[in-house]
There are 2 protein chains.
Amino acid sequence: MTKVVQTIAELKAFVRDTKQAGNTIGLVPTMGALHEGHLTLAAQARNENDVVVMSVFVNPKQFGPNEDFDTYPRDLEGDTKLAASVGVDVVFAPSTEEMYPTDGGITIRAGRAAEILCGASRPGHFDGVLQVVAKLFHLVEPTRAYFGQKDAQQVALIETMVRDYNFPLEICTVPIVREADGLAKSSRNVYLTAEERQQAVGLYNGLKFAKEAILSGKPMGIAMMAARDQIARETGGEIDYFECLSYPDLKSIDGQTTDVLLAGAVYIGKTRLIDNMIFNLKENN
Amino acid sequence: MTKVVQTIAELKAFVRDTKQAGNTIGLVPTMGALHEGHLTLAAQARNENDVVVMSVFVNPKQFGPNEDFDTYPRDLEGDTKLAASVGVDVVFAPSTEEMYPTDGGITIRAGRAAEILCGASRPGHFDGVLQVVAKLFHLVEPTRAYFGQKDAQQVALIETMVRDYNFPLEICTVPIVREADGLAKSSRNVYLTAEERQQAVGLYNGLKFAKEAILSGKPMGIAMMAARDQIARETGGEIDYFECLSYPDLKSIDGQTTDVLLAGAVYIGKTRLIDNMIFNLKENN
């Protein structure tokens, strides 16, 4: 039986009782409008914890002034049914006033790693993400929190915050779910025409090509340039970014780098698609 | 028996065991060089919690480039003896490398309320304070954390951070300890000549005068101007600031304000002294 909790007081009472009983808590933060990706996160949380809390909160702080905060889909009843179907215990769905009743002017700045990749076109977005995630971590006190690797930059920044600020919890990343041909699943794939859908897989193919070239020892610059050309050719789209950076710090790769994020964003027609791969540079050595 | 812990791994193991046993934790954050004020905090923590952790860490992030980080007094052995005398269970004394091994570029900005009062002459100071306090809160997971009211702006900012970011703990403020004539105790009082020591109490007298005038219904502007004149006359010093602001938000007072901070800083000779009072505007109504 999934319980919907809308106040912080009720949530904190639930968390206190759960902790006192010695139970672990898995947190799945969402903005609602649940799709297969969210349910995959919740199912993994269900497997690994005694209690699963899913937050459903459209966070105004992570939307820019010209973004779609007002029109973002909201369907708490539908979301609760989906959450129940994967065994979520509590849906925490606070109002904006409940989450942000006061503002003393203290902010979290995501910094350099938020100004690149997807952040380049969304100034302030990741500051707002880190703010709400920090609040949710303090409210739910989870043992583990679940995020999709699809939003790799978001996960990298959250992992960095947890590491550098010593949050007492574990970040669990759930791999990208793909279509049969490799295209990353996305709510936005429905916007693609039949032809664009065929082309779209070119982003995945380019990432795969670059990863294999890099692991086989090709110089990074040459591998990336060849892969970028392949993506442009196969998708027929406009590349927003295509980069290989250290993970989770998102810095240029040097001799010390082990884990890397290979990430791309492409406009195919009017639809912007993102995809990525995270791997260890030494994994085949 | 007071235990000195220097690594995060050992601290976290202690915290985990303490929590699992259902015990409460009181945290007393310090930069060492313990004096009577710190011991008063620790004694109150001892009264109110099962376990008391005192951190002793000279935090480089809260010192400006021209401040005294390198020469700040360090005496872990002496501090540990003093901590033991008031029943502290664990002294957590990490190295700088243990506290800041990585820097992914995510910062906390204390904002507007850090740019006034003592913050006006120490840009970035309170950002560094909030960073280390957030880390300590995540590492120690205290039930209660103890701060002296003497540093009222610091307490106000920490209370604001705890409130706005939903940290799961209680901030306990310990009143200012005063000499017989009312002068706030401070390590810096020893710098005063005999004559300056006599004059120094003028800051306390001015705060008391302003508080009584405000509570008796005098217009704020008139009360503050008269008190400022009195402080200048009695101390013979140079007033750095003398202000009455809402507490803990540190904004201008308006019709909604209930709790206020009355705070002053005065240079008496070369010595900068601070003092303050926090009270409810309606307390005599």
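Which domains does the domain assignment of chain A give? The assignment gives domain 1, covering 3-174, and domain 2, covering 187-278. The structure is a predicted model.

**Domains of chain A**

- The centres of domain 1 of chain A and domain 2 of chain A, taken over C-alpha atoms, are separated by 27 Å.
- Contact between the two domains involves ten residues of domain 1 of chain A and 13 residues of domain 2 of chain A.
- On the side of domain 1 of chain A that touches domain 2 of chain A, six residues are nonpolar, three are polar and one is charged.

**Relation between the two chains**

- Two copies of a chain are related by a rotation about an axis and a shift along it.
- Here, chain B is superposed on chain A by a rotation of 180° with 0.0 Å of shift along the axis, and the RMSD is 0.0 Å.
- The two copies are therefore related as by a two-fold rotation axis.
- In chain B, I108(B) has the C-alpha nearest the axis, at 2.3 Å from it.

**Interface between chain A and chain B**

- The contact between the chains brings together 27 residues of chain B and 27 residues of chain A.
- Three elements of chain B, namely β5 (107-109), α5 (125-140) and α6 (152-164), each supply at least two residues of the side that touches chain A.
- Of the elements of chain B, α5(B) gives the most to this side, with five residues.
- The side of chain B that touches chain A is made up of eleven nonpolar, eight polar and eight charged residues.
- The copies meet through the same surface, because 100% of the interface residues of chain B are also interface residues in chain A.

**Helices α7 and α8 of chain A**

- Helix α7 (residues 194-215) of chain A and helix α8 (residues 220-235) of chain A have axes that come within 8 Å and cross at roughly 165°.
- This angle makes α7(A) roughly antiparallel to α8(A), since angles over 145 degrees count as roughly antiparallel.
- The two helices, α7(A) and α8(A), form a right-handed crossing.
- Residues of α7(A) in the contact include L203(A), F209(A) and I214(A), while those of α8(A) include M220(A), M224(A) and I231(A).
- The contact of α7(A) with α8(A) comprises twelve nonpolar residues, six polar residues and one charged residue.

**Helices α7 and α8 of chain B**

- In chain B, helix α7 (residues 194-215) and helix α8 (residues 220-235) pack at an angle of about 165°, and their axes are 8 Å apart.
- It follows that α7(B) and α8(B) are roughly antiparallel to each other.
- The crossing in which α7(B) passes α8(B) is right-handed.
- Among the residues that meet are Q199(B), G206(B) and A213(B) in α7(B), and A227(B), E234(B) and T235(B) in α8(B).
- By class, twelve nonpolar, six polar and one charged residues form the contact of α7(B) with α8(B).

**Backbone details**

- Most residues other than glycine have a negative phi, and most peptide bonds are trans.
- In chain A, Y247(A) and P248(A) are joined by a cis peptide bond with an omega of about 5°.
- P248(A) belongs to the loop between β8 (238-246) and β9 (259-268) of chain A.
- In chain B, a cis peptide bond with omega about 5° links Y247(B) and P248(B), and P248(B) is in the loop between β8 (238-246) and β9 (259-268) of chain B.
- L117(A), a residue other than glycine, has a positive phi near 45°.
- L117(A) is placed in the loop between β5 (107-109) and α5 (125-140) of chain A.

How values were computed
Residues numbered from 1 in each chain as written. Chains lettered and ligands numbered in written order. Predicted model: local features only at pLDDT ≥ 70, side-chain atom pairs only at ≥ 80, totals over all residues. Domains from an automatic or database assignment. Contact = placed C-beta atoms within 7 Å. Nonpolar A, V, L, I, M, F, W, Y, C, P; charged D, E, K, R; others polar. Least-squares fit on C-alpha atoms with pLDDT ≥ 70 in both. Axes fitted to C-alpha atoms, helices over the stretch in contact; angles between N-to-C directions. Helix = DSSP H or I, 4+ residues; strand = E, 2+ residues; numbered from the N terminus. Parallel < 35°, antiparallel > 145°, perpendicular 65-115°, else oblique. Left-handed = near helix turned anticlockwise from the far one by under 90°.
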